[in-house]
Amino acid sequence: MLAGLSAGPVRVRPEECAGWSFALEYGDSTGSDRLVGVSRDGIEAIHLVPMLEHPPATFAYAYNGRDVCGFGLGEENHRWGEQPDLLLPELVSGQVLCPGGNQLAYPEDEHYKVTYRRTIAIIEKRFGLSLPTEQLEAGRLPAYAVRGQPDMSTFQDTNAEAIRTWARANGFIVDEQGRVPAAIREAHQLATDA
């Protein structure tokens with residue numbers, strides 16, 4: 001998962017799962033600018049930038065040094081690349097797009113997370129992707145500075161204990177080592193915003 005270009009520091013955490021190498025990039029990143037280059041010599045490269053509803057998360061696929069296809073999640077009817085319709089059959093059969101690919105098939109008021117999950121499931125199945133959730137949420141991946149001198153020290157979350165206390169009281173399994181998984185943090189935020 002790599003994204004955009006800026007002058008800020010960047011760190012990357014690489015790993016492998018199910019025959020794919022992946023990298024989580026933090027900070028102002030350059031992954032999207034490197035995707036075509038990474039895919040040279042018969043390599044497949046997928047770039048997923050997870051975002052909130054707007055701007056949308058984006059997906060891009062490059063192969064053998066070529067920008068094959070891409071689209072925004074929730075905006076799958078606006079596709080690009082040399083083969084923008086590569087995933088069109090799957091997007092239509094998965095009820096993301098109407099036949100022809102120019103119109104979204106799901107209700108306009110559907111929550112963006114439901115829409116994202118549907119499209120990500122199609123991408124995962126088409127390319128045989130999976131990410132080790134436990135390793136991403138609680139594991140320790142190696143970290144490397146890609147650009148600049150990012151702070152590689154342990155992040156101290158001043159809100160973690162309050163969230164862990166709330167999570168225990170609401171039946172969540174809590175990591176006592178100081179990390180708060182995104183799903184618990186998000187549930188806490190939704191509960192406190194209500």
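Q: In what order do the elements of the chain run from the N terminus on?
A: They run β-β-α-β-β-β-β-α-α-α-β-α-α. This is a predicted model.

Q: How many helices and strands does the chain have?
A: There are 6 helices and 7 strands.

Q: What share of the residues counts as buried?
A: 33% of the 194 residues in the chain.

Q: And the accessible surface, what does that come to?
A: About 11800 Å² for the chain. Carbon and sulfur atoms hold 53% of that surface.

Q: What about contacts with a separation of 6 or more: what part comes from residues 24 or more positions apart?
A: Those residues account for 46% of such contacts.

Q: Switching to aromatics. How many pairs are there?
A: The count is 4 aromatic pairs.

Q: How are the rings of F59 and F71 arranged?
A: Their centres lie 5.1 Å apart, with the planes at 40°. A pair counts as tilted between the stacked limit of 30 degrees and the edge-to-face limit of 60, so F59 and F71 form a tilted pair.

Q: Where do those two sit in the chain?
A: F59 is in strand 4, residues 58–63. F71 is in strand 5, residues 66–72. They are 12 residues apart, and the pair links distant parts of the chain.

Q: Buried or exposed, F59 and F71?
A: F59 is buried, and F71 is buried too.

Q: What about the rings of Y112 and Y116?
A: That pair is edge-to-face, because the planes stand at 75°. The ring centres are 5.3 Å apart.

Q: Where do Y112 and Y116 lie?
A: Both are in helix 3. They sit 4 residues apart, about one turn of the helix.

Q: How does Y112 count, buried or exposed?
A: Y112 counts as buried, at 17% relative accessibility. The cut-off for buried is under 20%. Y116 also counts as buried, at 9%.

Q: Which residues do ring pairs link into a cluster?
A: F59, Y61, F71 and F127.

Q: What lies over the face of F127?
A: R126 does. The distance to the ring centre is 5.3 Å.

Q: Back to strand 5. How buried is G70?
A: G70 lies in strand 5 and has a relative accessible area of 0%. That makes G70 buried.

Q: What does G70 touch, beyond four places away in sequence?
A: G70 touches F59, A60, H78, R79 and W80.

Q: How far apart are G70 and A60 in space?
A: 4.0 Å, C-alpha to C-alpha. In sequence they are 10 residues apart.

Q: New topic. Where is E110 found?
A: E110 is in the loop between helix 2 (88–93) and helix 3 (112–127).

Q: Is it buried or exposed, that E110?
A: Buried. The relative accessible area of E110 is 18%.

Q: What does the side chain of E110 make a polar contact with?
A: The side chain of T115, at 2.8 Å. Setting aside residues up to four places away in sequence, E110 touches T115 and R118.

Q: Where is T115 found, and how does T115 count, buried or exposed?
A: T115 is in helix 3. At 3% relative accessibility, T115 counts as buried.

Q: What else is T115 in contact with?
A: Leaving aside neighbours within four places in sequence, the contacts are G74, E76, Y106 and E110.

Q: Which loop holds A105?
A: The loop between helix 2 and helix 3. A105 counts as partly exposed, at 36% relative accessibility.

Q: What does A105 touch?
A: Not counting residues up to four places away, A105 touches Q95, V96, L97 and C98.

Q: And how far are A105 and V92 separated?
A: Their C-alpha atoms are 7.9 Å apart. Along the chain, A105 and V92 are 13 residues apart.

Q: Last stop, helix 5. Which residues are buried there?
A: In helix 5, residues 160–169, the buried ones are A160, I163, R164 and A167.

Q: Why do they line one face of the helix?
A: Seen down the axis of helix 5, the buried residues fall within an arc of 100°, so they line one face.

Q: What follows helix 5?
A: G171 follows, and its phi is positive, near 85°.

Methods
Residues are numbered from 1 along each chain as its sequence is written. This is a predicted model: local features need pLDDT of at least 70, side-chain atom pairs count only at pLDDT 80 or more; totals for chains, interfaces and linings use all residues. Side-chain values use heavy atoms; hydrogens and water are left out. Buried means under 20% relative accessible area, exposed over 50%, partly exposed in between (1.4 Å probe, protein chains only). The arc is that of the directions from the helix axis to the C-beta atoms. A polar contact is a pair of N or O atoms within 3.5 Å; within protein, one must be able to donate a hydrogen and the other to accept it, and residues adjacent in sequence count only if both atoms are side-chain atoms. Contact means heavy atoms within 4.5 Å. Rings of Phe, Tyr and Trp (its six-membered ring) pair if their centres lie within 6.5 Å; planes under 30 degrees apart count as stacked, over 60 as edge-to-face and the rest as tilted. A charge sits over a ring if NZ of Lys or CZ of Arg is within 6 Å of the ring centre and within 35 degrees of the ring normal. Accessible areas come from the Shrake-Rupley method with a 1.4 Å probe; for residues, only the protein chains shown count as cover.
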